[in-house]
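Open the model in your viewer and switch to a cartoon view. The tour below goes from one selection to the next.

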Amino acid sequence: MARLVLLSEGFTGRAYELKAPATTVGRVSDNAFEIPEASVSSHHAEILMRGSEVVVRDLNSTNGTFIGGERITGEAVLKPGQILRLGTVDMRLETGDPAPKPKQALDHTRVIPQGVKADELFGTGSKPEFKTTGFEKKDNRGSKIFVVVAICIGLALLGAMIWVLTHKADQ
């Protein structure tokens, strides 16, 4: 039987068996599979059992649904052993079948005395591209404008008070 095993800290070891033809996954309790994590949308995704295939459908989630690091839009097939990420929560699809092992040809072993550099690790001669997660620090331009406007208004009020006090003293 297929099941999703959570891998992220705080959820490690928790699993959900995919028994129904359709399983909703999200942050709120009306989902079949509830994941109480802020990065998971209230109704994040739907897991569909279609024969022997497990299909993931993103439900217009805020932080995205990813299979093997690639964002999915609409539907995509999740294969045994692949990592499914909802927001920042990782889980792996496990079945009774052993996960297929990646084909890897080992020609020779290289000794790298100074450590491993990114281009040596991937063997492509170029550095890997890292995709953003959507949780980067945002520009705080609005806050800066607010502070400047607040200071200007404060100075104007202070000037008006001084003007009123000096003119009142003249009378």
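Contact here means heavy atoms within 4.5 Å. The model is a predicted one.

Select Met-91 and show what surrounds it. Leaving aside neighbours within four places in sequence, Met-91 is in contact with Leu-4, Val-5, Leu-6, Leu-7, Phe-33, Ile-35, Gln-82, Ile-83, Leu-84 and Leu-86.

Now widen the selection to the nonpolar core. The largest such core has 22 residues, and Leu-4, Ile-35, Leu-84 and Met-91 have the most contacts inside it. Two or more residues of this core come from each of β1 (3-6), β5 (45-50), β6 (53-58), β9 (75-78), β10 (83-86) and β11 (89-94). The most, 3 residues, come from β11. In soluble globular proteins, nonpolar side chains tend to be buried together.

Next, hide the side chains and follow the strands. An open sheet is formed by 6 strands, in the order β2-β1-β11-β10-β7-β8, with antiparallel pairing. Which strands stand at the edges? They are β2 (15-17) and β8 (70-71); each has a single partner strand, so one side of each is left without a neighbour in the sheet.

Look across from Ile-67: opposite it, in β8, stands Glu-70.

Last, select Asn-60, in the loop between β6 and β7. Its phi is near 55°, a positive value in a residue other than glycine. Is Asn-60 buried or exposed? Asn-60 counts as exposed because its relative accessibility is 73%, and the cut-off for exposed is over 50%.

Key:
Residues are numbered from 1 along each chain as its sequence is written. This is a predicted model: local features need pLDDT of at least 70, side-chain atom pairs count only at pLDDT 80 or more; totals for chains, interfaces and linings use all residues. Side-chain values use heavy atoms; hydrogens and water are left out. Two strands pair if DSSP finds at least two bridges between them. Helices (H or I, at least four residues) and strands (E, at least two) are DSSP runs, numbered from the N terminus. A nonpolar core is a set of buried Ala, Val, Leu, Ile, Met, Phe, Trp, Tyr and Cys residues joined through side-chain atoms within 4.5 Å. Buried means under 20% relative accessible area, exposed over 50%, partly exposed in between (1.4 Å probe, protein chains only).
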